[in-house]
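Please read the following briefing alongside the sequence and the model.

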Amino acid sequence: MRKLHPVIWWYALALLVIVLDQLTKVAAEQYLTYARPLPVTSWFNLTLQYNPGAAFSFLSDAGGWQRYFFSGIAVVISAVLVVWLYRLPSGQRLLPAALALILGGALGNLWDRLVLGHVVDFISLHYAGAFFPAFNIADSAITVGAGLMILDSFLAPRQGQSGGTGPQ
């Protein structure tokens, strides 16, 4: 049997993010009441919310066209990430982990947009009466992935003046 291409493990990480994201969203819809916070700690609630917009409910009241716009963006970004992951040198760890997390998060939220027409959010953080917008596992994966990409940009050896390892 031929050895599996190393990228398969990064695609598996993206798939794991999608599965965890979708399972937690199903559980949130099954066990939580819409917009009714379930306190977990003094700074963390589980609160079922629906977001037809983008991050921080951007364009959430735009009339419906944003569903297709953000879905299109997610499809393009996901395609770029799939190719970028495939083309990375096999010895790298941080950048492909970052890309896989972002890919899984983008596809998890894309599924919601296409199937439900909105993204299911349920994690709510707050402090002293100030609430951070609700989010989900996919959003968390995208955020961690973006942070890892930034970290990788500082740690990765420079490759000439072009400085990139992106798709070519």
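Leu114 lies in helix α3 (residues 94–116), where helices (H or I, at least four residues) and strands (E, at least two) are DSSP runs numbered from the N terminus. The model is a predicted one, in which local features need pLDDT of at least 70 and side-chain atom pairs count only at pLDDT 80 or more, while totals for chains, interfaces and linings use all residues. Residues are numbered from 1 along each chain as its sequence is written, and side-chain values use heavy atoms, with hydrogens and water left out.

**Surface patch**

- Leu114 is partly exposed, with a relative accessible area of 49%; buried means under 20% relative accessible area, exposed over 50%, and partly exposed in between (1.4 Å probe, protein chains only).
- Together, Trp111, Leu114, Val115 and Leu116 make a nonpolar surface patch of about 400 Å², patches being made of residues with over 30% relative accessible area and no salt bridge, with like charges joined within 9 Å and nonpolar side chains (Val, Leu, Ile, Met, Phe, Trp, Tyr) within 5 Å.
- The accessible areas come from the Shrake-Rupley method with a 1.4 Å probe, and for residues only the protein chains shown count as cover.

**Salt bridges**

- Two salt bridges are found in a search of the whole structure, each defined as a side-chain nitrogen of Lys or Arg within 4 Å of a carboxyl oxygen of Asp or Glu.
- One of them joins the side chains of Asp21 and Lys25 at 2.7 Å, N to O; both residues lie in helix α1 (residues 7–31), four residues apart, or about one turn of the helix.
- Lys25 also forms a salt bridge with Asp112, with the closest N and O atoms 2.8 Å apart; because Lys25 lies in helix α1 and Asp112 in helix α3, this pair ties together parts that are 87 residues apart in sequence.

**Sheet and helix packing**

- An open sheet is formed by four strands in the order β1-β2-β3-β4, with antiparallel pairing, where two strands pair if DSSP finds at least two bridges between them.
- The edge strands, each pairing on one side only, are β1 (38–39) and β4 (130–131).
- Strands β2 (residues 44–51) and β3 (residues 119–127) pair in the antiparallel sense over six bridges, and Asn51 has Val119 in β3 as its bridge partner.
- Helix α1 packs on the sheet, touching β2 and β3, and its direction makes about 80° with that of β3; contact means heavy atoms within 4.5 Å.
- Helix α3 also packs on the sheet and touches β2 and β3, with its direction at about 125° to that of β3; axes are lines fitted to C-alpha atoms, for helices over the stretch in contact, and angles run from 0 to 180 degrees between N-to-C directions.
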